[in-house]
Amino acid sequence: MLEYLRPDVMIYLLDMVGVVACAIAATTLAMHKQFDFFGCILVSMVNAIGGGTLRDVMLDRHPLFWMQDLNYLLVITVASLLCQMFFHKIGRIDNALKFFDAIGLSAFSVIGLTVALSFEAHPLIAVMMAVLTSIAGGIMRDIICNEIPMVLQKEIYISASIIGSVLYLLLARLGIADWVKETLALVSIFGIRMLAVKRDWHLPSIQLKKST
């Protein structure tokens with residue numbers, strides 16, 4: 001049991017959770033848009049590994065994680081296939097998409113942050129990498145599916161990633177164990193995102209009112 005609490009194992013498992021969640025979210029949207037068999041898999045690939053790919057390119061991290069470990073492509077394909085087979089059992093697409101998006105958001109935020117910190121990036125850059133890893137794939141997915149990217153609207157999305165990442169950094173300052181930091185960051189990001197969905201929270205507009 002203790003073997004699974006090793007930082008590298010925890011990060012790998014966390015990455016796989018995010019990959020599966022994003023593959024399901026992307027396939028759900030693609031099926032709703034009536035994409036074909038391979039179209040659904042392609043969109044799943046883009047959503048699941050797009051953000052991490054951009055992160056690795058910007059950090060000059062080579063080879064790219066999914067080229068080094070083909071399990072990523074296998075897991076994405078299987079998750080997409082299963083989602084396509086059981087798509088009719090999914091309830092409201094909007095709720096399903098936001099739920100799996102929230103899982104991917106929390107998992108990939110922590111992954112992006114820890115990867116950047118392992119490269120000794122400045123904390124501000126590490127937070128930016130957390131946001132990039134968690135949202136870039138979703139933006140590309142929505143563009144392919146001809147949707148306005150969810151993260152670019154008034155949704156509580158990017159801010160949830162930032163809050164969770166800052167919490168992780170604060171806990172790191174206190175010398176908290178890695179698995180505790182990762183768990184608390186995950187829960188906070190997922191919790192904030194789902195509360196925002198449930199309670200219909202949105203970021204306020206800064207547009208100035210017209211003078212009468």
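Trainee: Which residues lie nearest the centre of the largest cavity, and how many residues line it?

Mentor: Start with what kind of model this is. It is predicted, with local features needing pLDDT of at least 70 and side-chain atom pairs counting only at pLDDT 80 or more, while totals for chains, interfaces and linings use all residues. Residues are numbered from 1 along each chain as its sequence is written, and side-chain values use heavy atoms, leaving out hydrogens and water.

Rolling a probe the size of a water molecule over the atoms shows where empty space is left. On a 1 Å grid over the protein atoms alone, a cavity is a set of points where a 1.4 Å probe fits but cannot get out; a pocket is an open set with protein on both sides within 12 Å along at least five of seven lines; lining residues have an atom within 4 Å of a point. Here, 16 residues line the largest cavity, and A48, G51, G52, F108 and T133 lie nearest its centre.

Trainee: How much space lies in the largest cavity, and which elements each supply at least two residues of its lining?

Mentor: A volume is the space filled by probe spheres set on the grid points, which are joined across faces, edges and corners. The largest cavity holds about 80 Å³, and the structure has one cavity of 30 Å³ or more. At least two lining residues come from each of α1, α2 (37–58), α5 and α6. The lining has seven nonpolar, seven polar and two charged residues. In this scheme Ala, Val, Leu, Ile, Met, Phe, Trp, Tyr, Cys and Pro are nonpolar, Asp, Glu, Lys and Arg are charged, and the others, Gly among them, are polar.

Trainee: What about the open kind of space: how much lies in the largest pocket?

Mentor: The largest pocket has about 230 Å³ of space. It is lined by 13 residues, with Y12, D15, R61, F65 and Y72 the closest to its centre. Two or more lining residues come from each of α1 (7–32), α3 (65–68) and α5 (93–118), and α1 gives the largest share, three residues. By class, the pocket lining has seven nonpolar, two polar and four charged residues.

Trainee: How many helices and strands does the chain have?

Mentor: Helices (H or I, at least four residues) and strands (E, at least two) are DSSP runs, numbered from the N terminus. This chain has eight helices and zero strands.

Trainee: How many residues does helix α6 have, and where does it bend?

Mentor: The expected span of a helix is 1.5 Å times one less than its number of residues. Helix α6 (residues 123–144) has 22 residues and reaches 32 Å from its first C-alpha to its last, close to the expected 32 Å. A bend at a residue is the angle between axes fitted to the seven residues ending there and the seven starting there; α6 bends by about 35° at I135. Helix α7 (residues 158–173) has 16 residues and should span 22 Å, which agrees with the 23 Å between its end C-alpha atoms.

Trainee: Which residues of α7 are buried?

Mentor: Buried means under 20% relative accessible area, exposed over 50%, and partly exposed in between (1.4 Å probe, protein chains only). The buried residues of α7 are A160, S161, G164, S165, Y168, L169 and L171. Across the chain of 212 residues, 48% are buried.

Trainee: What should I look for in the backbone angles?

Mentor: Most residues other than glycine have a negative phi, and most peptide bonds are trans. Q34, in the loop between α1 and α2, has a positive phi near 65° and is exposed at 72% relative accessibility. In the loop between α2 and α3, D60 has a positive phi near 55° and is exposed at 56%. P63 is also in the loop between α2 and α3, and the peptide bond from H62 to P63 is cis, with omega near -5°. Just after α6, N146 has a positive phi of about 60°.

Trainee: How many disulfides are there?

Mentor: A disulfide is a pair of cysteine sulfur atoms within 2.5 Å. The count is zero. For C83, the nearest cysteine sulfur is that of C40, 8.0 Å away. The closest cysteine sulfur to that of C145 is also in C40, at 8.5 Å, which is too far for a bond. C83 is buried at 7% relative accessibility, and C145 is buried at 2%.
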